[in-house]
Amino acid sequence: RQPSRIPQELGSESSMSPIRDQLYAISRRKKSILCVAADVESAEELMSIAEDVGPHICVLKLHADIIRDWATETPKRLQEIAARHDFLLFEDRKFADIGSTVVAQFGSGTHRIASWAHITNAHALPGPGVIDGLRQACESSGRMVGLLLVAQMSSKGNLIDGRYTESCLRMARDAFPFCIGFIAQERMDPTGKLFVMAPGVQLEAKGDGLGQQYNTPEHLLKEKGVDFLIVGRGIYAAPEPWQGRTKVQGTILEYPSIEYRE
Ligand code: 5BU
């Protein structure tokens with residue numbers, strides 16, 4: 001079993017990255033390393049999942065561009081639920097363009113992500129300019145968002161190789177404390193400064209017929225040493241009750257007994 005990197009007390013690195021510290025504090029308070037991916041198409045379904053899973057999670061991950069009736073008040077409602085249930089909002093935008101374009105994509109448009117998300121992510125493919133653009137957008141809005149780099153993907157046949165992943169690690173280290181971690185499938189940074197959230201998680205390791213590959217919580221936590229688990233359909237579309245008895249979309253779901261590692 002790998003030792004946890006979620007510190008008991010925040011050390012010298014604390015307050016360099018308030019979002020990361022906030023995430024670790026929530027994780028400790030709620031004894032949860034669960035991020036639920038709510039990939040539903042209406043704002044009402046999104047709110048209903050947020051209310052149902054809220055007490056159990058430290059992060060709610062969404063794709064704002066999936067929501068057909070996204071409105072100005074949608075992020076305000078999400079923020080209210082997040083504050084009440086003590087979790088963070090993660091917009092899984094996967095920015096992947098040049099710096100000046102991501103400035104506009106992050107701060108403007110229909111979703112104005114920089115104005116409400118606590119966490120977002122980016123592909124490292126364009127080079128450090130993508131990070132600089134996102135940081136600049138935060139600085140000009142006066143609101144800090146934590147960035148995760150996509151260092152590995154869960155999908156079959158993805159083009160990311162070891163060299164690319166290594167480059168992500170270097171880029172992320174250079175961009176700390178704005179960059180606080182990774183989306184990946186295994187532990188990335190042994191120092192504990194940068195954490196890993198892993199998608200592709202279900203109780204049974206198989207796929208979805210469209211390239212998604214699932215690993216079990218146990219495998220990812222114990223063998224791969226990731227810090228947080230991202231579970232989508234395994235929770236909101238589960239056919240079988242999971243332990244934890246949470247009602248989502250009319251289904252009684254059972255949470256995997258995701259362990260908080262201390
Ligand atoms: P699922 O329903 O648990 O398969 O949803 C997984 C979520 O994680 C979904 O929102 C994807 O967009 C997201 N994801 C992923 O599955 N794999 C990846 O490598 C990355 C993101 Br990056």
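Author: Helices and strands are DSSP runs, a helix having at least four residues and a strand at least two. The model is predicted. In these terms, β8 (228-231) and α8 (233-236) each supply at least two residues of the shell around the ligand.

Reader: What makes M153, S154, P199, G232 and R233 stand out in the shell around the ligand?

Author: They are the closest of the 16 residues that surround the ligand. By class, this shell has 7 nonpolar, 6 polar and 3 charged residues.

Reader: Why is D92 called buried?

Author: D92 has 22 C-beta neighbours inside 10 Å, and a residue is buried at 20 or more; therefore D92 counts as buried. D92 is found in strand β3 (residues 88-95). Its contacts beyond four places in sequence are K61, L62, H63 and N121.

Reader: How do you know whether D97 is buried, partly exposed or exposed?

Author: There are 17 other C-beta atoms within 10 Å of D97. Buried requires 20 or more and exposed 12 or fewer, so D97 is partly exposed. D97 lies in the loop between β3 and α4 (99-107) and touches V102, Q105, P126 and V130, leaving out residues up to four places away in sequence.

Reader: Which residues does the "active site" annotation cover?

Author: According to the unreviewed UniProt entry, the annotation covers D92, K94 and D97.

Reader: Which residues touch the most other members of the largest nonpolar core?

Author: They are C35, V36, L60, L149, F182 and L229, in a core of 74 residues. Helix α5 (residues 129-141) gives this core its largest share, 5 residues.

Key: Residues are numbered from 1 along each chain as its sequence is written. This is a predicted model: local features need pLDDT of at least 70, side-chain atom pairs count only at pLDDT 80 or more; totals for chains, interfaces and linings use all residues. A nonpolar core is a set of buried Ala, Val, Leu, Ile, Met, Phe, Trp, Tyr and Cys residues joined through C-beta atoms within 7 Å. A residue is near a molecule or strand if its C-beta atom, placed from the backbone, lies within 6 Å of it. Ala, Val, Leu, Ile, Met, Phe, Trp, Tyr, Cys and Pro count as nonpolar, Asp, Glu, Lys and Arg as charged, and the others, Gly among them, as polar. UniProt positions are given in the numbering used here, feature names are shortened, and annotations may be inferred rather than shown by experiment. Two residues are in contact if their C-beta atoms, placed from the backbone, lie within 7 Å.
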